[in-house]
Amino acid sequence: MKNYFSFDEHGTTYRKEFIAGLTTFLAMAYILFVNPSILGQTGMDKGAVFTATALSAAYGTLFMGLVAKYPIALAPGMGLNAFFTFSVVLGMGIPWQTALSGVLLSGLIFIAITVFKIRETIINAIPVELKYATACGIGLFIAFIGLKSAGIVVANEATFVGLGHLAKPDTLLAIFGFIVTILMVVRGVKGGIFYGMVITAVVGMIFGLIDAPHQIVGKVPSLAPTFGEAFTNFDKIFTPHLIVVVLTFFFVDFFDTAGTIMAVASQAGIMKDNKLPRAGRALLADSSAIVVGATLGTSSTTAYIESASGVAAGGRTGFTSVVTGLFLLLALFFSPLLVVVTPAVTAPALIVVGVLMVGVLGKIEWSKLEIAVPAFLTIIAMPLTYSIATGIALGFVMYPVTMLVKGRRKEIHPIMYVLFLIFICYFAFLVE
């Protein structure tokens with residue numbers, strides 16, 4: 001095992017890799033409880049989603065560790081689960097079974113372009129400013145959902161939204177959880193988001209706001225309510241409306257994964273001559289995990305930036321991911337804790353994740369209006385229209401227009417014109 005992962009070459013040990021794997025697990029463990037909470041709002045069985053989340057995360061992470069040998073963990077992504085629930089199912093009225101079919105198709109497309117090595121072409125076609133804008137917009141969208149779940153932001157007839165009643169017990173609990181989580185994250189506590197959820201849940205139980213679980217360890221919840229449902233409505237996704245949904249799943253995960261792998265690999269010192277060794281294997285881990293996750297019953301799986309915490313703790317090889325994957329499997333037996341994960345507990349995590357995602361805002365060239373306008377529309381439209389797809393569509397429609405007017409036609413990749421037409425059709429379909 002030591003030779004397989006080249007411990008000596010990377011200057012690491014079993015102890016360092018184990019601690020790194022545990023650190024990554026603690027940093028991302030919140031998704032095991034947040035994902036069922038979000039997807040459960042579509043009518044999906046929370047127990048089944050919990051199991052699907054843990055299994056798909058374990059599969060992708062173990063694949064990444066054993067085959068690609070990267071210290072990177074995978075799990076259903078924040079933002080993608082929000083898009084799945086609030087934009088596709090609740091917003092468009094699409095059954096969750098059909099939405100899972102869309103995730104499955106996006107995963108199959110992912111595998112195809114990975115096998116045929118055409119990812120680089122697509123990555124280069126999309127301007128980096130729109131990639132940053134998409135990440136920022138999703139961050140604001142997730143934070144908005146968290147604020148709404150906490151009761152901090154509520155509906156207002158005069159102004160559409162307004163400040164909620166902050167004295168409500170559940171809202172106070174969420175505010176407390178947010179403060180605790182922020183303090184730990186700012187202090188650099190490994191797994192701060194996860195610990196913030198734990199502390200918030202415990203305080204909620206102490207004050208009688210959350211029912212205590214009857215047990216901590218229990219049977220693994222059955223996958224029966226969600227397993228294979230992605231195949232039942234597969235024939236219904238080939239419509240203009242749903243094709244755009246599939247493309248959104250595809251693009252968001254596409255850029256999220258690429259950016260995360262590059263960032264964590266660079267931090268771990270894996271990159272050589274600005275290139276990623278075994279890149280194809282790493283990308284295949286992500287794309288195949290999406291198919292596995294959709295089959296089991298969860299939204300798109302992606303590489304987790306929380307893996308950086310494990311690398312910071314000394315992780316340098318795939319053995320870090322193996323340790324994380326084994327902890328994810330062990331977590332399957334703690335499903336009874338789902339009952340304590342209320343909106344007041346998850347809201348702080350959503351807000352903090354939103355804060356982390358808008359970190360690339362400063363990388364957008366705001367002084368150049370041909371870039372600033374489409375980027376701004378992408379960012380602002382996501383929370384205001386409650387739709388990630390709409391934000392992406394607006395940005396991709398406006399970018400070629402502003403660039404052409406500015407006289408920067410040569411900088412527009414032909415693929416952007418294709419996307420322009422696709423999203424114009426998307427808006428035309430919405431009007432109908």
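Biologist: Which residues is Ser299 in contact with, leaving aside its neighbours within four places in sequence?

Modeller: Ser299 is in contact with Asn35, Leu39, Pro76, Leu80, Asn81, Phe84 and Val103 once those neighbours are set aside. Keep in mind that this is a predicted model. Ser299 itself lies in the loop between α13 (279–296) and β4 (301–303).

Biologist: Is Ser299 buried or exposed?

Modeller: The cut-off for buried is under 20% relative accessible area. Ser299 has 0% relative accessibility, so it counts as buried.

Biologist: Phe84 was in that list. What does Phe84 touch?

Modeller: Beyond residues up to four places away in sequence, Phe84 touches Leu39, Thr42, Met44, Val89, Trp96, Ala99, Leu100, Val103, Phe249 and Ser299.

Biologist: How should I think about a nonpolar core?

Modeller: The general idea is that nonpolar side chains tend to be buried together in soluble globular proteins. Here the largest nonpolar core has 102 residues, and Phe84, Tyr30, Met78 and Phe423 are those with the most contacts inside it. Helix α12 (residues 240–267) gives this core its largest share, 10 residues. There is also a second, separate core of 17 residues, which includes Phe63, Val264, Ala282 and Leu283.

Biologist: How many residues of helix α3 are buried?

Modeller: In α3 (residues 31–39), 9 of the 9 residues are buried, so the helix is largely enclosed by the rest of the structure. Those buried residues are Ile31, Leu32, Phe33, Val34, Asn35, Pro36, Ser37, Ile38 and Leu39.

Biologist: Now for helix pairs. At what angle do the axes of helix α4 and α13 cross?

Modeller: The axes of α4 (residues 46–68) and α13 cross at roughly 160° and come within 9 Å. To read such an angle, remember that over 145 degrees counts as roughly antiparallel. The two helices, α4 and α13, are therefore roughly antiparallel to each other, and their crossing is right-handed.

Biologist: Which residues in α4 and α13 meet?

Modeller: From α4 come Ala52, Leu55, Ser56, Tyr59, Gly60, Phe63, Met64, Val67 and Ala68, and they meet Arg281, Ala282, Leu284, Ala285, Ser288, Ala289, Val292, Gly293 and Leu296 in α13. Sorted by class, the contact of α4 with α13 has 13 nonpolar, 4 polar and 1 charged residues. When you look at such lists, a handy rule is that an α-helix has 3.6 residues a turn, so residues three or four places apart point the same way.

Biologist: Is Val345 buried or exposed?

Modeller: Val345, found in helix α16, is buried, with a relative accessible area of 2%. Apart from residues up to four places away in sequence, Val345 touches Met197, Thr200, Ala201, Ile210 and Val340. Val345 and Leu173 are 172 residues apart in sequence, while their C-alpha to C-alpha separation is 7.9 Å.

Biologist: What about Thr98? What does Thr98 touch?

Modeller: Thr98 is found in helix α6 (residues 96–115), and it is buried, with a relative accessible area of 4%. Not counting residues up to four places away in sequence, Thr98 touches Asn233, Lys236, Ile237 and Leu242.

Biologist: Where is the place of Phe160?

Modeller: Phe160 is in strand β3 (residues 160–163). At 72% relative accessibility, Phe160 counts as exposed.

Key: Residues numbered from 1 in each chain as written. Predicted model: local features only at pLDDT ≥ 70, side-chain atom pairs only at ≥ 80, totals over all residues. Heavy atoms only, no water. Core = buried A, V, L, I, M, F, W, Y, C linked by side-chain atoms within 4.5 Å. Buried < 20%, exposed > 50% of the residue type's maximum accessible area, 1.4 Å probe, protein only. Helix = DSSP H or I, 4+ residues; strand = E, 2+ residues; numbered from the N terminus. Contact = heavy atoms within 4.5 Å. Axes fitted to C-alpha atoms, helices over the stretch in contact; angles between N-to-C directions. Parallel < 35°, antiparallel > 145°, perpendicular 65-115°, else oblique. Left-handed = near helix turned anticlockwise from the far one by under 90°. Nonpolar A, V, L, I, M, F, W, Y, C, P; charged D, E, K, R; others polar.
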